[in-house]
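Dear colleague,

I am passing the structure below to you for your own work. My findings follow directly after it, grouped by topic.

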Amino acid sequence: MLRPLQLPALAILLAGALVLSSPAPLHGQGKDPVTREDPEVKSLVLRGVNSVNKDELKRSVYTTASSCRNLLAQAFFCWWNKSGAFYQRRYLDREELSRDVLRLRVFYWKRGWRNATVDTAVTANHDGVTVTFAVHEGDPTRIVKQVVLYDSTLLTPKKVRQLVSTRARDPLDLLEIDSSRVLLQNEMWEKGYADAIVDTALVVDTARKVADLTYRVIPNRRTTVGTITILRRDTTPEVSTQVVLNSLTLLPGKIYRRSDVLRSQRNLYESNLFRSAIVRVPQQPDTVKDVIVDVTEADLRDARIAAGFNSVDYFSVEGRISHHNLLGGARRLDLSGIVGNLGAATINGASFFRRIRDPDPAFKRPTWQASIDFRQPAFLQRPENSFGLSAFAHRRAVPSVFIDQGWGGSATLTRSLAERVQASLNYRLEATKVTAGDAYFCVNFGVCDPTTTSTLRAMRRLSPLAVVWNASRADEPLSPTKGYNGRVELEHSSQATLSHFNYNRAFAELAVYKRVGRDRGSRGWLSQSVSPNVRNWILAGHLRLGIVRPFGGTDAGDALVIHPRKRFYAGGAQSVRGYGENQLGPRILTIAPEQLAHALTTSGAPCDTTSAASIALCDPNTGDITNSQFLPRPLGGTSVIEGSVELRFPIWRKLGGAAFVDAAVVGKNALRPGSDIGRLASGAAAVTPGFGVRYYSLVGPIRVDLGFNPRRTEPLRVVTEATAGGVRRIVPLTTPRTFDPGGSVFSRMVLHLSIGQAF
C-alpha cells in the first residue's frame, strides 16, 4: 500500500511521463494543413520532368520535404522514431514557394527549354502537405548551326571536339556553352596564351526555337613570367624565401602556363610548410606576368606518443616525430616506432590477457617496428625533382606460429615529367628471416617445397633496383569518368644489387575511362552535392600484364628462386571477381592428415597416416573425401595477362550499377629466349562475368560485386602434414586430386565487398 506522502510524487511522475510521451504540437494544430500558414511538407512531387535530372532540379528549389538526416537513420531509426536526432522536419514557406516557380523556369531556361512553364499545388497529406510542381517542358530551343573559329596552328580539330561539348541539334544549354568557353580558354593558357579570349555569339529565333552558335578563339600575344614576389604573412618566418622559390615551377622568362601555376601551388601545400599558399597574378595588360606568392607558415614540428593495451598484444607504446624543415631547404624527417608485447613474460595469462602456451621464450619477448624517412624536395635546386631515403627494422611475432625479423632501407629519386606524370628510380635493400614451421609457409606463402622453405627461414636479402613510370590523367581520383591511369615497372635483382634472389620482372597496368552517354540535367561529372555524379554511363577498361624471369634453372625450378612476393596473382575484388582473393592461378590443395584415414593408397591398400613415408602414398581421390575438405592455396605464377571491361550506369540518386566481364591467365612458366610467346598463356585461365552495385559516399564508392565462377575441374597437387619427433613437416602426396568444386549456379556466385572502384 502506498503511503499518503507518496501520492503527490507519483502523480507528478505520471503527469511528466504523459507530457514526454505525447507528440509535440504542430503550428496551428487542429486546422486543415492546407490552410495553415506553415504546414510541414511531407512530400515533394515533380511531374512532367523528362528532359533534366530530377535530383538536380529538386536541389534548385527552396521547398524541401521532411526526411531522414542520413542513410543510416533511414535504415534503422526513421521508420519508428521521428525525433530531431534522426529526422529533419521541413515547413512550407509560401513566399519561397512562389519564388520556386521562377527558379524552376530559370533552371529550364539555362538548359535550353525556354518556354517551360510550372504550376504548383498544395494538398493535404496526413498532418502535413504534399507540394507538387507540374512542369510543362515544351520543346527546347536547339542549336542548328555551330561554328568554332580558331587558329589551326595552335589547336587541332580533335582537341576542339574534346573541349567543346555542345553539338548541332543539342538543346541550347548555356551552362554547357560556358563550360566549353572556359575549357578553350584554359587550353590556350596552357599553350602560353594567358590573355586569350573566347567570345561566344548567339543568334536565337524564338519563333522557330532554333539558334546559331559561334565560338571565336582570340589568342592574343604569348605571355611569359616576369618577376616573382614572395609575400610573407609571418612576423618571424623560419622558412627561407629560397625554399619557396624552389617549390615553384614558374620561373622568370618561362612561358606562363596554367599547369605551372597549379603545380607550384600544389608543391607548396604538399611540403607541409604552409597552412596557406596562394599563387596569384594581378590583371596586367602586358604580356609579361608578374607573379605574387602569398604564404603563411604552418607548424614545422610535430610529435605524437600513444600507449595502450589489449588482450592479444599486452601493452604497447608508439611514437612519431616529424620535422618539416630539417636544416632548412624543406627537408622532411619522420621518425616512428612501436613496441608491443610488453609484459608478456610476467603477466602471461593473467586476467583477460591471453596465455602463450608455447615453451619457446622467444614468443614472450617484445615485438617492435622502427623507421626513419627523409625526403628532399627540389633536389638539385629543381622543383620537379625529389629525393628520399628510408631505413626500417622490425621484429614481429605470432605465438606458436612465426617470428619475422628484418631490416632494410631504400633510396628513391623521383622526377615530375609533366602534369601528373612521374618517373622514379628506386633501390630497396631488405633482409628478412622468418622462423616458423613448414605449415606456416605452405598456408601463408603458398610455399610447400622444402628447398624454398629453407631459403625463407634463413636471413636472405631481397634487393631489387626498379624504374617506375606512373601517369594519372583521369578526371577524378575516386570514380573516374574519362581519361586514363597507367603504370609501368621494370625491376632487376641479382648479386650485383646485393640480393639473394636473381630475377628480372616487368609489369604494366592501364585503366581507360570513357563516357558513353550524357545527361542534359547534370553539369560536369560531379553533382552539386559532395558525392560523385552517377547519372552518366561510363565504359571502363583495365589491362594488366606482367612477367618475371629468374636467372638460371629450369622451368620446374623457377618457383624455387622467385620470392613469393614477386610472383603474380589474380582473383579478388580488384582483379577477376569470379574468384576469391588470389585464387586464380597455380594452386595447391591442403588437407588435414586425419581426413585421409579412410582413403586408399595407389596400390589399393588402406592409407597409413602414421608416418610421412606412408602418408605420401595415399590417393586423395579415394574414400569418402569430398572437395569441401580441401583448402586451395595460391602459389603465384610467373606471368599474368588480365583484362576487364565494365559498364557503369545510374540506378537511383547516389546508387549506381555495373556490369562487367573479367578475364585472366596466370602462367606457370616464364618466357625464355627462343620460346614461343604462347607460353605466357599456358596456365590457369578464366573468364568471369558479373554485376554490382555502388553507393557513392564521401569516402568513395562503396562497392558490392557478384562474379560468376566457372569452376572447371582441374588436377591439383595435394599436401598434408605429419609429425615426427614433435615437429610438424609438410608431406606432398604423390597423386594429385581431381578437384571439382561443383555446386549450383547460386553457389558459384562470388561476393566482394569493398570501397573504391575496381580500377
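Phe 107 counts as buried because its relative accessibility is 7%, under the 20% limit for that class. Please bear in mind throughout that the model is predicted.

Searching the whole structure gives seven aromatic pairs. One of these joins Phe 107 and Tyr 108: the ring centres are 6.3 Å apart and the planes meet at 75°, so the pair is edge-to-face. Together with Trp 113, Phe 107 and Tyr 108 make up one aromatic cluster. A charged residue is also found here, as Arg 111 lies over the face of Phe 107 at 3.6 Å from the ring centre.

Another aromatic pair is formed by Phe 507 and Phe 568, which are stacked, with 6.4 Å from centre to centre and 15° between the planes. This pair links distant parts of the chain, 61 residues apart: Phe 507 belongs to strand β22 (residues 503-515), while Phe 568 is in the loop between α11 (558-561) and β24 (587-590). Phe 507 is buried at 11% relative accessibility, and Phe 568 is buried at 2%.

Three strands form an open sheet with mixed pairing, in the order β9-β11-β10. Since β9 (224-232) and β10 (274-280) each have a single partner strand, they stand at the edges, and one side of each is left without a neighbour in the sheet. From one strand to the next, the twist averages 15°. Strands β10 and β11 (residues 288-297) run antiparallel and are joined by six bridges; Ile 278 stands opposite Asp 294 in β11. Helix α8 (residues 258-270) packs on the sheet and touches β10 and β11, its direction making about 165° with that of β10.

Finally, I would draw your attention to Pro 620, located in the loop between β26 (618-619) and β27 (631-634). Is Pro 620 buried or exposed? Its relative accessibility is 0%, so Pro 620 counts as buried. Leaving aside residues up to four places away in sequence, Pro 620 touches Ile 625, Phe 630, Val 718, Leu 733, Thr 735, Pro 736 and Arg 737. The C-alpha atoms of Pro 620 and Thr 738 are separated by 8.6 Å, although these residues are 118 residues apart along the chain.

With kind regards

Notes: Residues numbered from 1 in each chain as written. Predicted model: local features only at pLDDT ≥ 70, side-chain atom pairs only at ≥ 80, totals over all residues. Heavy atoms only, no water. Helix = DSSP H or I, 4+ residues; strand = E, 2+ residues; numbered from the N terminus. Buried < 20%, exposed > 50% of the residue type's maximum accessible area, 1.4 Å probe, protein only. Contact = heavy atoms within 4.5 Å. Phe/Tyr/Trp six-rings, centres within 6.5 Å; stacked < 30°, edge-to-face > 60°. Lys NZ or Arg CZ within 6 Å of the ring centre and 35° of its normal. Pairing = 2+ DSSP bridges. Axes fitted to C-alpha atoms, helices over the stretch in contact; angles between N-to-C directions.
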